Protein chains: 2
Amino acid sequence: MTLLLSDADVRATADMTRLVDAVEAVLHEENDGLITMPPRVNVASDGTVLRLMPAHLAGSNLMGYKSFHGSMAKGVRYLIVLIRADDGEILALVDAALLTGLRTGAASGVATRYLARPGAADVAVIGSGLEADTNLAGVAAVRPVQRVRVFSPNPQRRAAFAGRAGDALGVEAIAAATAEEAVAGADIVIVATNTGTHGPVAYQGAWIEPGQHIVSVGATSPFLRELDPACFDRADHVVFDATPEQVFDESGDLIAVTDAGRDRLRHATVLPSVVAHGFDRGASDVTLFKSVGTAAQDIAAAKVVYDMAIERGIGRQIGVLADAKQF
Amino acid sequence: MTLLLSDADVRATADMTRLVDAVEAVLHEENDGLITMPPRVNVASDGTVLRLMPAHLAGSNLMGYKSFHGSMAKGVRYLIVLIRADDGEILALVDAALLTGLRTGAASGVATRYLARPGAADVAVIGSGLEADTNLAGVAAVRPVQRVRVFSPNPQRRAAFAGRAGDALGVEAIAAATAEEAVAGADIVIVATNTGTHGPVAYQGAWIEPGQHIVSVGATSPFLRELDPACFDRADHVVFDATPEQVFDESGDLIAVTDAGRDRLRHATVLPSVVAHGFDRGASDVTLFKSVGTAAQDIAAAKVVYDMAIERGIGRQIGVLADAKQF
């Protein structure tokens, strides 16, 4: 049977600890060569876009894809189709608007588990949208967060974010008047913005402090930027969640790095390798996790939501597609 | 609102005349450069496959994709996601097991409308599965079919097909003991098989008669064959429904042609061009339509089914995906 899960259903089943563990497990599978992810397909024209991100998880008898469709002018939607691989039955159709944010946060949680200092408690957030919320939740799932400062250009939005974060985590959370003020002294900096190529970039390499762990999840298209090139120069360890080639193609942050930086970053570590082999950080090392998201993360997150929905009786059963072999 | 349409719903809305006209209209759009279809994506391993076929119909404010998933061992399913392009809202999720057969038949109907002799009334069918039914229906929508002979290796299946075809079209329909007997004297030959690379190929160039129009819709994977290479040598006009490159990649029939044949067929006509510019056949010319199916045909067919389902109140409304811009 196929389960239809709305955005409200996803919200009702959101459990960041399980999501972080599921994404960590799928990263192990990826490192073991059990996951196939062909390049994303993009069909775009006149401001509308259709993007398809398929994956096959051979070790889990799962396959599926996420589609992203619409336009920034009129509306964008995300759908994940979760499929049992061997017989092609669709397990779930999942609204992935919220889930995409949750899976990005979960991947950042995994990266932070391996890369950040063990006692990291002081977190700065640049950005106040969905990804700011979910990435803070991912970080808080793996580190003893005590203090949060947020900067976002809109005073109302940053105040609202501080209120939500303080309530959700039960910690001190304050809105800062500038990005520099927010990040000063932070153990972990989360950058989750939609800043573009004009005007100041959200986070500057000059602000980096020794021992800092930086999580950057915005700038996932070539025309967006949120880290200046100096961030990549100052980081002792850069970790991508996808192949360097993919990150170079998709993120304006990487397109902006110098030629020398590009050559160096072609050998940056990828998160599946970190998860499989562990990571030894020096106390003053600067670590930078740059995420563009992967279809394997999507499928892993959708499977967690599906399992929890089945456990709790959430969602709507909508029958199954016919087996085409019947004809 | 998103409409969920099951295979039974598709069956209830099946109208081959409307499907043929809709596919013809989308072929005009394709010839006008209004349609974007990136290459299909295939993820396959160990007998399981996930195939995604996206398209954007800029002139119709539609986009979408078909996915095909599962394995021949345990089950395969087809899903079409029909999307209003500008705001990304999913108009319909459509079980496409039957619909794939219908759209293939509709494309063959368009090809037959332009390529077959006007009075063609005598039809041979090789094959007795879903595609044999739907392609005969497509041909019958555009030509005054009076007589049908069918060959399929299994006597029960060919007899059953003859019974169905006679009932559906109100014509004489008989099962033939051999393929050669079925095709002798036919104005139109429909080849719709899953014959493979071993054993006899379903249709032989030696059987072609002057003036014949051949419709071949099987052999849509590299390891299947249903036309021998002589068919391509003897045809005066070969028309593909996709680019020659795609047909060469996907059909074992083309992989088997000689090098000289390949060079010639690289310049074969495509169906959108035939529809746009018309076609003058000599009375004794042999025409061969080789179809592998396209995502644009799928989207056009899904739109017909969606429109008819809305008109008749068929299907189930299942809400809409959240607009991700809301976050």
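**Questions on a predicted two-chain model**

Q: How many residues of chain B are in contact with chain A, and which element of chain B gives the most to that side?
A: In this predicted model, 48 residues of chain B are in contact with 49 residues of chain A. The elements of chain B that give two or more residues to this side are β3, β4, β5, β6, β7 and α3. With 7 residues, the one that gives the most is β6(B).

Q: Why can chain A be called as compact as a globular protein of its length?
A: Chain A has 12 helices and 16 strands. For its 327 residues the globule rule gives 20 Å, and the radius of gyration is close to that value, so chain A is as compact as a globular protein of that length. The radius of gyration of chain A is 19 Å.

Q: Which strands lie at the edges of the open sheet of 8 strands in chain A?
A: The strands follow the order β10-β9-β8-β11-β12-β15-β13-β14, and the pairing is parallel. An edge strand pairs on one side only, and in chain A this applies to β10 (172–175) and β14 (269–270).

Q: Which residue stands opposite A:I126 in β9(A)?
A: Strand β8 (residues 122–126) and strand β9 (residues 147–151) of chain A pair in the parallel sense over 5 bridges. In β9(A), the residue opposite A:I126 is A:F151.

Q: What angle does helix α3 of chain A make with β12(A)?
A: Helix α3 (residues 97–115) of chain A packs on the sheet, where it touches β11, β12, β13 and β15 of chain A. The direction of α3 makes an angle with that of β12(A) of about 165°.

Q: Which strands of chain A does helix α5 of chain A lie across?
A: Helix α5 of chain A covers residues 155–169 and runs at about 175° to β10(A). The strands that α5 lies across are β9 and β10 of chain A.

Q: What is the mean pLDDT of chain A?
A: The model scores ipTM 0.93 and pTM 0.95. In chain A, 99% of the residues reach a pLDDT of 70 or more. The mean pLDDT of chain A is 95.

Terms used
Residues numbered from 1 in each chain as written. Chains lettered and ligands numbered in written order. Predicted model: local features only at pLDDT ≥ 70, side-chain atom pairs only at ≥ 80, totals over all residues. Contact = placed C-beta atoms within 7 Å. Helix = DSSP H or I, 4+ residues; strand = E, 2+ residues; numbered from the N terminus. Rg over C-alpha atoms; globule rule 2.2 N^0.38 Å. pLDDT = per-residue confidence, 0-100. Pairing = 2+ DSSP bridges. Axes fitted to C-alpha atoms, helices over the stretch in contact; angles between N-to-C directions.
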